Amino acid sequence: MGSWVSGLWSVVAGALPSYARVRTLWGMAVTSDEFQAAFAAYRAEAAHGVLDTGRYKMRYFAWGSGGRPVVFVHGMSDAARAFIMVMRRLLPRITGIAYELPDGQTDGSHLARYTHEAYAADLVALLDHLKLPKAAVVGSSFGSTVMLAALAAYPERFTHAVSQNGFAHRPLNRWQRQLARSGRFWPGWFADWPEIYRGVMWKVDRPTLSSLPRDVEQFYLSDGGRTPMRASALRSLAIDRTDFRSALPGIRVPVLVLTSDRDTLVPPECGATLLRLLPDARHVEFTNCGHHPQYSHPGPMAGAIAAFLQERDSEK
């Protein structure tokens, strides 16, 4: 058995060390068949709902029943359904739950006034609505900051946490900050400019897009295209002013830190900071993988999450 196969098997089987490097070769990347099967199952089986949190009308879905509840929080320019291929691999061991972050356009939210305290309260409101005393949580990129805010404010509500290419502090550079400030006044959605949006994403996230079959690429761009440009700008500015580093040592929930060696959007020091300051953290790094493994490498991502949940349960 090759070294990369044995390394992946050790993760999937639950023998998760404090640091694992999973080599995601081309053969492990998503296939069109996998995406089509997951999308068809999601459309047939997921139950959708709307929750008025008092701050916005949250659209969410739950998929599966009887398994451990796991809530997935999407990134800055993404959608709740981004995780369907990962969820399908984890069923029936989990009940997968995902929701749309407030967008300031379609849901009654006042996004310019939103704080991370409000984002965290929304997540807990969803748990209350679904009558879940506790759940595991997965936060992707910007979603990881929502996750950290919730872990710090409501530690009793979470059993495990997974940070996927996330960060506690990721200030923008001068150009990014100026672009985000201008973007607050841009009308419409990214999908209104499909060719421009596709070209920009190929420039900033080529490692992910180069791993995707054509239909999965279209799905990825469709999810991002649903984001209002103003919402993306306001979330970018929220990232710029966010700093959870001082809160990390007080977070006692076990955290799996997932990073990718070809991530062009979140620098490696962000993951290193989480690992240095979180008191109970594990690390899995995917190689040959970009910022969005939930699209490009759902199998390795699901395997790492399953192993982490199993390992932590066995320690109780």
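**Notes on a predicted model**

1. Let's start with the cysteines. The structure holds zero disulfides. Cys270 is in no disulfide, and the nearest cysteine sulfur to its own belongs to Cys289, 16 Å away. Keep in mind throughout that this is a predicted model.

2. A disulfide here would need the two sulfur atoms within 2.5 Å. As background, a disulfide is a covalent bond between the sulfur atoms of two cysteines.

3. Are these cysteines buried or exposed? Cys270 has 5% relative accessibility, so it counts as buried. Cys289 is at 0%, so it counts as buried too. The cut-off for buried is under 20% relative accessible area.

4. Next, have a look at the backbone. Most residues other than glycine have a negative phi, and most peptide bonds are trans.

5. Find Leu91 and Pro92: the peptide bond joining them is cis, with omega at about 0 degrees. As for where to look, Pro92 sits in the loop between α3 (84-90) and β5 (94-99).

6. Lys131 is not a glycine, yet its phi is positive, at about 60 degrees. You'll find Lys131 in the loop that runs between α4 (116-129) and β6 (135-140). Its relative accessibility is 71%, so Lys131 counts as exposed.

7. Ser141 is another non-glycine residue with a positive phi, this time near 55 degrees. It belongs to the loop between β6 and α5 (142-153). With a relative accessibility of 11%, Ser141 counts as buried.

8. Finally, turn to the surface. Which residues make the nonpolar patch there? They are Trp175, Leu179, Phe185 and Trp186, and the patch covers about 510 Å². Trp175 is a handy place to begin when you trace it: this residue is part of helix α6 (residues 174-183). Trp175 counts as exposed because its relative accessibility is 61%, and the cut-off for exposed is over 50%.

Key: Residues are numbered from 1 along each chain as its sequence is written. This is a predicted model: local features need pLDDT of at least 70, side-chain atom pairs count only at pLDDT 80 or more; totals for chains, interfaces and linings use all residues. Side-chain values use heavy atoms; hydrogens and water are left out. Patches are made of residues with over 30% relative accessible area and no salt bridge: like charges are joined within 9 Å, nonpolar side chains (Val, Leu, Ile, Met, Phe, Trp, Tyr) within 5 Å. Accessible areas come from the Shrake-Rupley method with a 1.4 Å probe; for residues, only the protein chains shown count as cover. A salt bridge is a side-chain nitrogen of Lys or Arg within 4 Å of a carboxyl oxygen of Asp or Glu. Helices (H or I, at least four residues) and strands (E, at least two) are DSSP runs, numbered from the N terminus. Buried means under 20% relative accessible area, exposed over 50%, partly exposed in between (1.4 Å probe, protein chains only).
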